[in-house]
Structure formats: C-alpha cells, structure tokens
Amino acid sequence: MRGIYWTRMPEYADRNGLDAELDVPAFMWTGETDMKCVRESVGQLIDHAYAHHIQRLMVLGLFNMLLGARPYDVHRWHMSMYVDAIDWVSLPNVLGMSQHADNGLVGTKPYAASGNYINKMSDYCAKCRFKPGNATGDDACPFTTLYWDFLSRNRNRLNSNRRMGFQFKNLDRKDQSEHRAIRKQAEKLKAGCTNETYL
Ligand code: SF4
C-alpha cells in the first residue's frame, strides 16, 4: 500500500475505473437505515471510530461499491470516520481494494458480494427486515439487488477478468424479466441514496 501510494500519487487519487458517480449516502454518516448490517457497523463507528476489516470491506465498502459511490468520496468518508485512517493507507485500500477504482492494480477482482455472503459470515441478517436472498420486492436486501445490478452494469468492463467468470455465469441464469425487475429496483434504491453530507 505504501509503495502504491508513493509511486502512483497524485494521479492515483483520481482513479475511478468503474465510473462510479453517486454520492456517499447520508446513512453512511448517521447509521439511520433499516439495513441492520450497515446500521450496526456505522453505529459502532460513531461510538468507537473503529470497525474491523470485514465490516469495512464487506459491509460498508461493499455497499458503496455496489451502489456506485465516487471512490475518492468514499476515501474522504473513511478518513473522517476511522481513528486509524491515514491517507497513504486509506487511499490504496479504499480506491484499490474496496472500490476497485484502480482497474485492478491492488486487487485482481472487485470484492463484489450479495446479502447472502453477509448472511453466511455474520448474524446481522437474522433480525433484519430485509431478506438476503431476495433481489426484488419489498423485502429485497439492498445488497443483493445492487449486487446483480453491479454485475450487469459492469459486465463489459469486467468480462475479460477470468476471476469474475463464475459470477457472470450466475448472472446469465437470470431471464430478461428478472434483469428488468432488478434494474428497476436498483434505480429506486439509488434515487433514495443521494443525500451526501460531509463533516
Ligand atoms: S438482509 Fe441485507 S441489509 Fe439486512 S443485514 Fe442482511 S445483508 Fe444487511
């Protein structure tokens, strides 16, 4: 990470390989959301300015990446919220590992996962109002909706990445009506996630 920072800056900070242009959602600062995994991880951040690696990467970082939040803004958010965030560590970790904004310089594939992964790795989902396996409908898990939407919208960019083959194969199992329903639900979610606030 130190090597990346010192050899690639300052251009590294502008990288946005997935053309992610949305605001970091307001609930990333407040924790005010029905998503239990996000609410509890942000709540812990507010109380202790700390969350462990998997909460950073596979809950909060994951949500921002699936949503399509601007990578440098995610870095600014990370710098503001975590007591151990320092620019040279945070920038390559957030832009590279977490948001896959550097076209694979740090990580060979995006850490993209659905709510099913969070359900398998934690106890958040059992008491959440959303269902991790559902991508559409009132009880659809936003992670799962945005996961399939992320794969669809980045298909062309990531198609040649052989490590993504399994995920794209599963995407291809969905029929056109499922794709349409997921896109529609994802657009609705994105529209509800646009209130950016900075410290
Ligand atoms: S169901 Fe989805 S939103 Fe709720 S805790 Fe699980 S992963 Fe998070």
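Which helices are among what covers the buried residues of helix 5? Helix 2 (27–30), helix 4 (53–67) and helix 6 (87–98) are included in that cover, where helices (H or I, at least four residues) are DSSP runs numbered from the N terminus.

## Basis of the description

This is a predicted model, in which local features need pLDDT of at least 70 and side-chain atom pairs count only at pLDDT 80 or more, while totals for chains, interfaces and linings use all residues. Residues are numbered from 1 along each chain as its sequence is written.

Within helix 5 (residues 71–81), the buried residues are Pro71, Asp73, Val74, His75, Trp77 and His78; a residue is buried if 20 or more other C-beta atoms lie within 10 Å of its own, exposed if 12 or fewer, and partly exposed in between, with C-beta atoms placed from the backbone.

The largest nonpolar core, which has 43 residues, is a set of buried Ala, Val, Leu, Ile, Met, Phe, Trp, Tyr and Cys residues joined through C-beta atoms within 7 Å. Val59, Leu62, Phe63, Leu66, Phe143 and Tyr147 have the most contacts inside this core. At least two residues of the core come from each of helix 3 (36–48), helix 4, helix 5, helix 6, helix 8 (142–153) and helix 11 (176–191), and helix 4 gives the most, with eight residues. Phenylalanine 63, leaving aside its neighbours within four places in sequence, is in contact with Val38 and Phe143, contact being defined by C-beta atoms, placed from the backbone, that lie within 7 Å.

## Helix 3 against helix 4

The axes of helix 3 and helix 4 come within 10 Å and cross at roughly 115 degrees; these axes are lines fitted to C-alpha atoms, for helices over the stretch in contact, and angles run from 0 to 180 degrees between N-to-C directions. On the side of helix 3, Cys37, Val38 and Ser41 meet Gln55, Val59, Leu60 and Phe63 of helix 4. The residues of this contact divide into five nonpolar, two polar and no charged, where Ala, Val, Leu, Ile, Met, Phe, Trp, Tyr, Cys and Pro count as nonpolar, Asp, Glu, Lys and Arg as charged, and the others, Gly among them, as polar.

## The shell around the ligand

The ligand is surrounded by 14 residues, of which the closest are Cys37, Gly115, Cys125, Cys128 and Cys141; a residue belongs here if its C-beta atom, placed from the backbone, lies within 6 Å of the molecule. Helix 3, helix 7 (115–121) and helix 8 are the elements that give two or more residues to this shell, and helix 7 gives the most, with three residues. By class, the shell residues divide into eleven nonpolar, two polar and one charged.

Methionine 65 lies in helix 4 and is buried, with 26 other C-beta atoms within 10 Å. Not counting residues up to four places away in sequence, methionine 65 touches Ser98, Gln99, His100 and Pro110. Methionine 65 and tyrosine 111 are 46 residues apart in sequence and 8.7 Å apart in space, C-alpha to C-alpha.

Histidine 100 is placed in the loop between helix 6 and helix 7 and has a positive phi of about 50 degrees although it is not a glycine. Asparagine 103, also found in the loop between helix 6 and helix 7, has a positive phi near 55 degrees. Histidine 100 is buried, with 26 other C-beta atoms within 10 Å, whereas asparagine 103 is exposed, with 12 other C-beta atoms within 10 Å. In the loop between helix 1 (2–8) and helix 2 lies proline 10, and the peptide bond from methionine 9 to proline 10 is cis, with omega near 5 degrees.

Terms used: Two residues are in contact if their C-beta atoms, placed from the backbone, lie within 7 Å.
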